[in-house]
Amino acid sequence: MAGTVLAERPAVGVRRTGTVWTLVRAQVTLLLRTPVVLLAVLALPFAVLLVLMLVIGFRFPTIEFGAMPGVRVIDRLLPEMAGTVAAAAGILVLTLHLSEVRATGMLRRLRRSPMRGGSYLTAQAIVAGALVVASTVLFMVVTFIVYGPPRSWHPLYLAGALLAVTYCSVSAGLLLGGLRMSRTGARIAAPLCFALLFLGSGLGVPREGWEGVAPWFYQVTTVNPLAQLNDFLFAAYQGRLSDTWPAVAGLLATAVVVNVVTRRVFDWDGAS
């Protein structure tokens, strides 16, 4: 009897893994049919770069920071865009996608199937992470071809830091998307949350620029999670540990708690 139980346990694990990858393939197909995914994840880095060049000048990406000799604007922009894309994939894509499939009743049907809820959430996280990697690699390849690689960079450190940032962003997106919220509410909440993070991150608008315009918002930017995560990514890109690492460690710990909360409060059925 004990031998039979032990033999069945690996089979259960194999079935769960197979379920996750089946869900991953299905989610990739669904997400790639959604224009917001291509805009928010794949096209976003290029759109931001183009806007910055149109506003500041086409030589902007190659300008070196005065306080950082040898570091061009594009060298800082690349890791920060990776963090911004991670936030977009988690907060925008996941939240909007989950609200859409909940509104169609798909989540309710999935919940009543033999599938485990954890398998579905894991599949969502894997797909979001894959989109972040694809967008980052595409932006990196194009900018390296156009502007050349940086003098010094550390891809393994960047990959590890991006994994941590993506985990935080995806955890936030799964929680926000899992809340009992109407489709309209999600369409308002997700872009609003992302816009606040983006504007205060120092990427699209330098944080110091808000000090004279809206001092209260400048104070918000000093504790902006995306700003902390982007600084962490840039430092890893350079092969060093950012001064914001305690904040990032706190965000990672919070993300673990958020995952537990998400499993408990995730709304499969929607408003009745």
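Reader: At what angle do H2 and helix H6 (residues 117-147) pack, and how far apart are their axes?

Author: This is a predicted model, in which local features need pLDDT of at least 70 and side-chain atom pairs count only at pLDDT 80 or more, while totals for chains, interfaces and linings use all residues. Residues are numbered from 1 along each chain as its sequence is written, and side-chain values use heavy atoms, with hydrogens and water left out. H2 and H6 pack at an angle of about 55 degrees, with their axes 9 Å apart. Axes here are lines fitted to C-alpha atoms, for helices over the stretch in contact, and angles run from 0 to 180 degrees between N-to-C directions.

Reader: What makes H2 and H3 oblique to each other?

Author: Helix H2 (residues 35-42) and helix H3 (residues 44-56) also have an angle of about 55 degrees, with axes 5 Å apart, and they are therefore oblique to each other. On the H2 side Leu-39, Ala-40, Val-41 and Leu-42 take part, and they meet Leu-44, Pro-45 and Phe-46 in H3. The residues of this contact divide into seven nonpolar, no polar and no charged, by a scheme in which Ala, Val, Leu, Ile, Met, Phe, Trp, Tyr, Cys and Pro count as nonpolar, Asp, Glu, Lys and Arg as charged, and the others, Gly among them, as polar.

Reader: How do you know that Arg-102 is buried?

Author: Buried means under 20% relative accessible area, exposed over 50%, and partly exposed in between (1.4 Å probe, protein chains only). Arg-102 has a relative accessible area of 5%, so Arg-102 is buried. Its place is in helix H4 (residues 73-103), helices being DSSP runs (H or I, at least four residues), as strands are (E, at least two), numbered from the N terminus. Among the residues that Arg-102 touches, not counting those up to four places away in sequence, are Leu-107, Phe-266 and Trp-268.

Reader: Why is Leu-203 called buried?

Author: Leu-203 has a relative accessible area of 7%, which is why Leu-203 counts as buried. Leu-203 lies in the loop between helix H8 (183-199) and helix H9 (209-213), and touches Leu-77, Glu-80, Met-81, Thr-84 and Phe-198, residues up to four places away in sequence not being counted. The C-alpha atoms of Leu-203 and Thr-84 are separated by 8.5 Å, although the two residues are 119 residues apart along the chain.

Reader: Which of buried, exposed or partly exposed describes Cys-168 and Cys-193, and how many disulfides are there?

Author: At 10% relative accessibility Cys-168 counts as buried, whereas Cys-193, at 32%, counts as partly exposed. A disulfide is a pair of cysteine sulfur atoms within 2.5 Å, and by this rule the count comes to zero.

Note on methods
Contact means heavy atoms within 4.5 Å. Angles under 35 degrees count as roughly parallel, over 145 as roughly antiparallel, 65 to 115 as roughly perpendicular and the rest as oblique.
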